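Here is a brisk report on contacts in one structure. The headings follow rings, charges and strands in turn.

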Amino acid sequence: MSVSKIVAAAASGFGSDPLDVDEVFSCHLYEGNGAQNLTVTNGIDLAGEGGMVWYRRRDGAENNSIEDTERGLDNVIYTDSANAQADPGAYGLQAFNSDGFTAGYDLSGGDYVSWTFRKAPKFFDVVTYTGDGTNNQTFNHSLGCVPGMVFLKNTSRSGQDWWVWVNDSITANEGRLNNTGDFGYNVIGTVTDTTVQTLNQNQYATNYSGDSYVAYLFAHNNNDGEFGPDSDQDIIKCGSFTSDSSGIATVNLGFEPQWVLFKGTHAGSSWFIVDVMRGMVNGANDAWLAANLTNAEGTSNTVITPTPTGFVTDGTNIVDPSQTFIFMAIRRGPLAVPDDATKVFNVATYSSNSNSNLYNTGFDVDMAINTTTISNSNYVLSRLTNKYLDTNSIASDNTLPSSVFNSESNVINLNAGWWGTTNTVVSYSWRRAPGYFDVVCYAGSTTTPRTISHNLTVIPEMIWLKGRDAGGGQWYVYHKDTGNQAYGALNNNYYIYTASDGVVAQTIWNATNPTASVFSLGNASNGNSNGQNFIAYLFATAPGVSKVGSFTGSTSDVTVDCGFSSGAKFVMVKDASANGDWYVWDSVRGIVAGNEGYLELNTPDAENTGGDYIDPHSSGFIITSGFMQSGRTYIFYAIA
């Protein structure tokens, strides 16, 4: 962090520690319990730093409610209404906490979403002021940059619209958040990095003497963001885009978004909100709410598809063809390499003896592998697609039940119909994070060779790649210790193919090593077939958290040092020199000095408990001599 940034941060009163996205923004899902005091823990310090909570019900008609720390509790305003602020009583927020908020009465069993914005330079600020009735009034803000978007509302007088100013030369003027009107008004004047000027064309709207007002200011980072470990990352963008005649637009943000608000500048367009928690997916229905509507959550096919560098619109039901839209987008986090495996990986076993199996992983899950200890497929569930694949099959992907990822934050909800009623379910869950794990979806093309962008931020050390459409295809596996002219197949037990085997393996990875920003593809149809959809899972070594590597077989036990301090929680091993299954052990089912159970990713076989192939070790794990053939190469992936 530069000296100038440290001085500026200290002067702002916000402190000098670099902030992550997860510290200033939260999209959190929760279920109502019918009680007054429901604690919502989302990691945002509202009590100490201040900010705003925007919350609403998803499965029924309800207002979009906003409460903030400047106006205080018992003061709610609705983005879908021109009404003044009101006291929601027991139904509003009951507390702003250091790690979230306390909600009021809600519908027992109802689904809710909250979007929490913490005050922070270059991200968000909230300001209140009292009108003075003059021709122009200027109020100060602490955003530390020219806002990208401003919401302004008269909170003391009903019948007054929400005004939205956008710092974009294409749109000019302002629109109204509470309706579908067009842009073409001018009630906010000059906006700088420290002040906002209100005009007097409509005094009630912006500056009537004695009336109270609130302004929410959102930044626009343009390669000047100060987030992440090095205080140099952008996390919020505001701007505009124009779709083509079929409703398609490609928007480059420089990052992958987790939340997008957008509206057409023409009359008739709502203020749509999509996010990855409720479902902003690749090639399936997206869940949307609208800031100007009280309607329950709706779904439309492919409203916005996130990409590693931005998003693509593709849905004429929402995005009107050939129209201009304004937008605000917030980056997916986290930005730092994890230093605690419990924040990005979870192992769970549970009995499938009820119709609903909910378990809390402690983090928002991006990918999970689920199976049972009896004969069953190994299902790979992905938040980015809301679909699942089988590691032991070349079949195409299938749609997940809608509640798997989006019922509650940190929770996976799996219906017992998948497993029967008496099985022991085994679940492995991953969260995406720099230097650890990433997921990328892409469409095949006629371009070969080609590169695919990713957000791992380091060189991938292992990649699983799979076709998602009809016919599916092999699970191609790249591993750093077998090279870019080799590939394995997760769905079978064959040895790792190389160019020397007479197989043109270089057509998979284009005989090119991946980089910290892209991986390469050749002309293999199962990796880059025109018009087909693909998904890739990318893994890397995060010090003390995960390890991708290899070892050589021996006639005696081999200790594999992963750099861990308390041993491995998850271990996957494959013989790269000959036929051999993709063995998986975990510490929940047992990694002990004796026999333990193992599963195989390439088969639907039941757990095998008849061998002692792995033993615990504080630095990683020990592979016993009974598992190995001397001189052979074994590849592995382990998590602490």
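## A stacked tyrosine pair

Tyr112 is buried, at 5% relative accessibility. Buried means under 20% relative accessible area, exposed over 50%, and partly exposed in between (1.4 Å probe, protein chains only). Tyr30 is buried too, with a relative accessible area of 6%.

This is a predicted model: local features need pLDDT of at least 70, side-chain atom pairs count only at pLDDT 80 or more, and totals for chains, interfaces and linings use all residues. Side-chain values use heavy atoms, with hydrogens and water left out, and residues are numbered from 1 along each chain as its sequence is written.

The structure holds 58 aromatic pairs. Rings of Phe, Tyr and Trp (its six-membered ring) pair if their centres lie within 6.5 Å; planes under 30 degrees apart count as stacked, over 60 as edge-to-face and the rest as tilted. The ring centres of Tyr30 and Tyr112 are 5.6 Å apart and the planes are at 15°, so this pair is stacked. Tyr30 lies in strand S1 and Tyr112 in strand S8 (residues 111-118), so the pair ties together parts that are 82 residues apart in sequence. Helices (H or I, at least four residues) and strands (E, at least two) are DSSP runs, numbered from the N terminus.

## Other ring contacts

Phe262 and Phe272 form a tilted aromatic pair, 5.7 Å centre to centre with 35° between the planes. Phe262 sits in strand S19 (residues 257-264) and Phe272 in strand S20 (residues 272-275), ten residues apart. Phe262 is buried, with a relative accessible area of 0%. Phe272 is buried as well, at 9%.

One aromatic cluster includes Phe25, Trp54, Trp115, Phe151 and Trp259. Elsewhere, a charge meets a ring: Lys574 lies over the face of Trp582, at 5.8 Å from the ring centre. The criterion is NZ of Lys or CZ of Arg within 6 Å of the ring centre and within 35 degrees of the ring normal.

## Salt bridges

The structure holds 23 salt bridges. Each is a side-chain nitrogen of Lys or Arg within 4 Å of a carboxyl oxygen of Asp or Glu. Arg431 forms one with Asp22, the closest N and O atoms being 2.8 Å apart. Arg431 lies in the loop between strand S33 (424-430) and strand S34 (437-443), and Asp22 in helix H2 (residues 21-24), so the pair ties together parts that are 409 residues apart in sequence. Arg431 is buried, with a relative accessible area of 17%. Asp22 is partly exposed, at 25%.

Asp125 forms a salt bridge with Lys119, with the closest N and O atoms 3.7 Å apart. Both Asp125 and Lys119 are buried. Asp481 forms a salt bridge with Lys480, where the closest N and O atoms are 3.0 Å apart. Asp481 is partly exposed at 31% relative accessibility, and Lys480 is partly exposed at 32%. Shared partners join the salt bridges of Arg58, Asp275, Arg278 and Glu297 into one network.

## An open sheet

Five strands form an open sheet in the order S1-S8-S3-S4-S5, with antiparallel pairing. Strand S1 (25-31) and strand S5 (77-78) stand at the edges with a single partner strand each, so one side of each is left without a neighbour in the sheet.

Two strands pair if DSSP finds at least two bridges between them. Strand S4 (residues 65-68) and S5 pair in the antiparallel sense over two bridges. Ile66 has Ile77 in S5 as its bridge partner.
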